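Have a look at the model, try each task yourself, and then compare your steps with ours.

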Amino acid sequence: MNYKGIKNKIEHDEGLLGWIFILPAILIIVAIIFYPILRTLWLSLTSYSLAYPWRNKFVGLDNYLDFFSSAKFWATIGRTAYFTFISTGLEIILGIAIAMLINMHLKGWRFLRTIVLIPWAVPTVVNAIIWKWIYNAEYGALNGLLQSLHIIDKYQSWLSVPWRAMNMVILADIWKCTPFIVLMISASLATMPEELYEAGEIDGTSRWQSFKYITLPLLKPAIMVSLVIRTVEAFKAFDIIYVLTNGGPANGTQIISYMTYLESFSFLNMGRGSALSFIVSIFILILAIIYIKILYTEDGV
């Protein structure tokens, strides 16, 4: 066997050995990721119900078509979009503002940086329980604070009106998740070159011009990554809704993830619940693609 043949055999053996080493990881991935996905996809094409498993039959795309032709489904999508974009948008704005304030290194900035992290460290369920107590109509801290400031003259039931309850849930979500945006933006601000700001000062730029033409363009990658992550998380939010309102009142805070939970575990319609979970995945994938396209445009990063 010549040198070339020996070399090819060694490369072949090394490649085979590499596949042997990664085979356990591939099997684990298939077992815990791909199989559940394929199983859920199959269930979404059936009428499977835990209450009547013997009536299970293949229905094709009927589950999907039923949802897409349902006014209740589109109302839920509307509430989900409202919750997602309002909470995410306000978190981005507040996150940038707080991060800029910390980056200015004013007196007490270390204390501010520390307390900002507290909401992010609180588990989401605990956060929801805290806000449920704050919003309590009889002894809630929010009512007590507003009444002591003479903003309201009697205690309010913050979670009894659909539109108000949704905004209260958004407020709780903002309190919890804004610190994540602060961390992302602060990390980006720490890496910005001082030379650009020094050149701007020489040219006589104002603080607002420096922010608009130097800081904001350089923050674009961090903002877009934060936006993608928070949009995906907000779109599939469940625990904060479950603890605070249970989707009420009058389905006023029922978003798509909670609707999926109801179909699957309250009504025991695993087929319809699986279809909803795939619809949620499709919407999240579309949003992620849109954001990534925006991030990597020619005039972007």
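**Exercise 1. How many salt bridges does a search of the whole structure find?**

Solution. Start with the ground rules. This is a predicted model, in which local features need pLDDT of at least 70 and side-chain atom pairs count only at pLDDT 80 or more, while totals for chains, interfaces and linings use all residues. Residues are numbered from 1 along each chain as its sequence is written, and side-chain values use heavy atoms, with hydrogens and water left out.

Next, apply the criterion: a side-chain nitrogen of Lys or Arg must lie within 4 Å of a carboxyl oxygen of Asp or Glu. The search of the whole structure gives five salt bridges.

**Exercise 2. Work through the salt bridges of Arg272.**

Solution. Step one: the side chain of Arg272 meets that of Asp66, at 3.9 Å from N to O. This pair links distant parts of the chain, with Asp66 in helix 2 (residues 62-68) and Arg272 in helix 12 (residues 270-295), 206 residues apart. Helices here are DSSP runs (H or I, at least four residues), as are strands (E, at least two), and both are numbered from the N terminus.

Step two: Arg272 also forms a salt bridge with Glu263, at 3.3 Å from N to O.

Step three: check the cover around these residues. Buried means under 20% relative accessible area, exposed over 50%, and partly exposed in between (Shrake-Rupley method, 1.4 Å probe, protein chains only). Asp66 counts as partly exposed because its relative accessibility is 41%. Arg272 is partly exposed too, at 24%, whereas Glu263 is buried, at 8%.

**Exercise 3. Which residues are linked with Glu91 in a network of salt bridges?**

Solution. The network joins Glu91 to Asp173, Arg230 and Glu233. Finally, read the accessibility: Glu91 is buried at 0%, and Arg230 is buried at 2%.

**Exercise 4. Why is helix 11 largely enclosed by the rest of the structure?**

Solution. Count the buried residues: helix 11 (residues 256-266) has eight of its 11 residues buried, so the rest of the structure largely encloses this helix. Among them are Ile256, Tyr258, Met259, Leu262 and Glu263. After the helix comes Leu268, with a positive phi near 65°.

**Exercise 5. Describe the overall build.**

Solution. First, list the elements: the protein has 12 helices and zero strands. Second, look at its dimensions: the C-alpha trace spans about 85 × 65 × 30 Å along the principal axes. Third, compare with a globule: the radius of gyration is 26 Å, while a compact globule of 301 residues would have one near 19 Å. That radius is taken over C-alpha atoms, and the globule rule is 2.2 Å times the number of residues to the power 0.38. Last, note the burial: 36% of the 301 residues count as buried.
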